[in-house]
Amino acid sequence: PDTILTVRKGFDCLAENCVDEKDKMSEDSLMVLRRMTNYAMFALFFYLSDINHTKYSGKRIPLLLDADTGLGAIVSASSKCFIECKKSMERYTVSFVKDWLVASRVISDVTSKEKCLHYLADDINVTDKVRNDLCLQFENNCMLGDEPIISVAKAIQYSMYTETYSDTTPSDFCSGIGAKAGLVGPSGNTNYRRLLINRFLLETIILSAVSRKQLEAGIELKELGTILRERYNIIIGTDIDKDYAMLNEFGIAQNTPEDLRGALSSNAQEIADKLISLGLGKRYADGVTIIGRGL
């Protein structure tokens, strides 16, 4: 799916659902604006993590939302998902630089290692230190098996985010916007920053993905999981086989300690509990959880 179209549909769905919220609030309330701003920050994170998939056919990143259950398997897997988001942004930058180099024809033969190295060593207007670093990075990338033009693109990308934009790398921006949206946490120095979603953003995402009619009629928790998976590639644990397979595709599942399958099920129930406490769900005597309004 096209990322921009997905975001557009999300804004439309959220606006439709905000009508109900607006009717229940005073005219001077800023809740609708807060909802839209919150979704905009999430949408930016989603766009940046998914753009490599949309433009360059890269893999879609599974976004495992940690409901803060404290389960080690979820903490580890969600953290790895967050790392993949940052890597995806870096891969997009490399592909973008490569396309520019090819289109601009600044290198006479992009398949030639000698021509590519000549471009870095002689044609770029940078300091001697940066030039030496570029050439060293290029040689290292070639030794690792990258094509010459890819090696140039990676060297330039590396230089951009160590010399020119050292305080605004894609990784840093991804972390910053994710934290402000309520998607990335915990704060402070930790090796396990992950998709630790807060209650407000969880509600906002639901309102951006589930139509007003569906919320009025109510949908099962598993159906909610399907909607989030298809819309945003979000995993909450409602379909263990599918969710596990998505994580397995990135090598996340098999490298996660403890019982990830069991943890996914517990995570889904905790997500359901949060939605119930927000007034967006109800658990019946038979154990079935329905997501909706006014249940």
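Are Arg229 and Asp243 buried or exposed? In this predicted model, Arg229 is buried, and Asp243 is buried as well. The two residues form a salt bridge in which the closest N and O atoms are 3.0 Å apart. This pair links distant parts of the chain, with Arg229 in helix H10 (residues 221-232) and Asp243 in helix H11 (residues 240-249), 14 residues apart.

The structure holds 14 salt bridges. Among them is the one between the side chains of Asp50 and Arg60, with an N to O distance of 3.3 Å. Arg212 is partly exposed, with 25% relative accessibility, whereas Glu216 is exposed, with 51%.

Helix H2 (residues 31-56) also meets helix H8 (residues 199-209): their axes come within 10 Å and cross at roughly 85 degrees. The two helices are therefore roughly perpendicular to each other. Residues of H2 in this contact include Arg34, Tyr39 and Phe42, and those of H8 include Phe200, Glu203 and Leu207. By class, the contact has 7 nonpolar, 3 polar and 3 charged residues.

Ser175, located in helix H7 (residues 170-181), is buried, with a relative accessible area of 14%. Leaving aside residues up to four places away in sequence, Ser175 touches Phe82, Lys86, Val184 and Arg193.

Note on methods
Residues numbered from 1 in each chain as written. Predicted model: local features only at pLDDT ≥ 70, side-chain atom pairs only at ≥ 80, totals over all residues. Heavy atoms only, no water. Axes fitted to C-alpha atoms, helices over the stretch in contact; angles between N-to-C directions. Helix = DSSP H or I, 4+ residues; strand = E, 2+ residues; numbered from the N terminus. Parallel < 35°, antiparallel > 145°, perpendicular 65-115°, else oblique. Contact = heavy atoms within 4.5 Å. Nonpolar A, V, L, I, M, F, W, Y, C, P; charged D, E, K, R; others polar. Buried < 20%, exposed > 50% of the residue type's maximum accessible area, 1.4 Å probe, protein only. Salt bridge = Lys/Arg side-chain N within 4 Å of Asp/Glu carboxyl O.
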